[in-house]
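Visitor: I have a few questions about this one. Can we go through it piece by piece?
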Amino acid sequence: FFLIYMNYRFILSGMLNFIYGKLGIQSRTLTILLDGNITYNSGRDILYEKTWETILQHPFLIRGIAADRILLGTYPHNIILELLYQGGIIIAGIVIFLLIIFIITTFKKVNSEKDIICIIFFFSSIPGLIVSGSFWENYSFWIWIILCLNKISNVLIFNSKRKIRYV
């Protein structure tokens, strides 16, 4: 165990070389980890700070879709900042509230393959949108939204039929 601990970088480096060479798979995260730069954020902290400062100047201002691209030249790499900047506190608050409902819906009563697919699309979109990407450009995010709406509508239809049946 001691030898493994002392040589973990060498072992991980060998594993990465195998994965990169034989399988053709690359991982930016693993490479950064091996280089000892796991806290490297590619300048996102500057984007976060500039976006947040601008939001605080006019928190209720609705700037519109993709307005962050004008301010930053890119998107803020954070779904919450993107919502707040584009929609202001009121619209962002409503959307965030709906996202929380969708998150609860995703993990409540997992009974079918469709529910598992919904969970897969949640994990393939939301965690990444917290640190990178834009929800406008993330296909997995929109598929997850559609699956949640479908799940909610099925529950509402089922409940309305059940109430009608007992009346």
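Visitor: Which hand does the crossing of H6 and H7 have?
Guide: The crossing of H6 and H7 is left-handed. Bear in mind that this is a predicted model.

Visitor: At what angle do the axes of H6 and H7 cross?
Guide: Roughly 135 degrees, where H6 covers residues 79-107 and H7 covers residues 113-123. Their axes come within 9 Å. The angle makes H6 oblique to H7.

Visitor: Which residues make the contact?
Guide: From H6, Ile 103, Thr 106 and Phe 107; from H7, Cys 118, Ile 119, Phe 122 and Phe 123.

Visitor: And by class, what does the contact of H6 with H7 have?
Guide: Six nonpolar residues, one polar and no charged ones.

Visitor: Back to Cys 118. Is Cys 118 buried or exposed?
Guide: Cys 118, which is in helix H7, has a relative accessibility of 1%. The cut-off for buried is under 20%, so Cys 118 counts as buried.

Visitor: Leaving aside neighbours within four places in sequence, what is Cys 118 in contact with?
Guide: Thr 106, Trp 144, Leu 147 and Cys 148. Thr 106 is also one of the H6 residues in the contact with H7.

Visitor: What separates the C-alpha atoms of Cys 118 and Ile 145?
Guide: They are separated by 8.8 Å, with the two residues 27 apart along the chain.

Visitor: Let's move to the loops. What is the phi of Lys 109?
Guide: Near 50 degrees, which is a positive value in a residue other than glycine. Lys 109 sits in the loop between H6 and H7.

Visitor: Is Lys 109 buried or exposed?
Guide: Lys 109 is exposed, at 60% relative accessible area.

Visitor: And His 77, where is that?
Guide: His 77 is in the loop between helix H5 (67-72) and H6. Phi is positive there too, near 65 degrees for His 77, again in a residue other than glycine.

Visitor: Is His 77 buried or exposed?
Guide: His 77 counts as buried, with 11% relative accessibility.

Visitor: Which residues of H4 and H6 make the contact?
Guide: H4 contributes Tyr 48, Thr 51, Trp 52, Thr 54 and Ile 55, and H6 contributes Leu 81, Leu 84 and Tyr 85. By class, the contact of H4 with H6 has six nonpolar residues, two polar and no charged.

Visitor: Where is Pro 127?
Guide: Pro 127 is in helix H8, residues 126-131. Pro 127 is partly exposed, with a relative accessible area of 36%. The C-alpha atoms of Pro 127 and Ile 79 are separated by 9.7 Å, and the two residues are 48 apart along the chain.

Visitor: Now the whole chain. How many helices and strands are there?
Guide: Nine helices and zero strands.

Visitor: How many of the residues count as buried?
Guide: The chain has 167 residues, and 29% of them count as buried. The chain exposes about 11,700 Å², with carbon and sulfur atoms supplying 69% of that.

Visitor: What about contacts between residues at least 6 apart in sequence?
Guide: Among those, 54% join residues at least 24 apart.

Notes
Residues numbered from 1 in each chain as written. Predicted model: local features only at pLDDT ≥ 70, side-chain atom pairs only at ≥ 80, totals over all residues. Heavy atoms only, no water. Axes fitted to C-alpha atoms, helices over the stretch in contact; angles between N-to-C directions. Helix = DSSP H or I, 4+ residues; strand = E, 2+ residues; numbered from the N terminus. Parallel < 35°, antiparallel > 145°, perpendicular 65-115°, else oblique. Left-handed = near helix turned anticlockwise from the far one by under 90°. Contact = heavy atoms within 4.5 Å. Nonpolar A, V, L, I, M, F, W, Y, C, P; charged D, E, K, R; others polar. Buried < 20%, exposed > 50% of the residue type's maximum accessible area, 1.4 Å probe, protein only. Areas by Shrake-Rupley, 256 points an atom, 1.4 Å probe, with all protein chains shown as cover.
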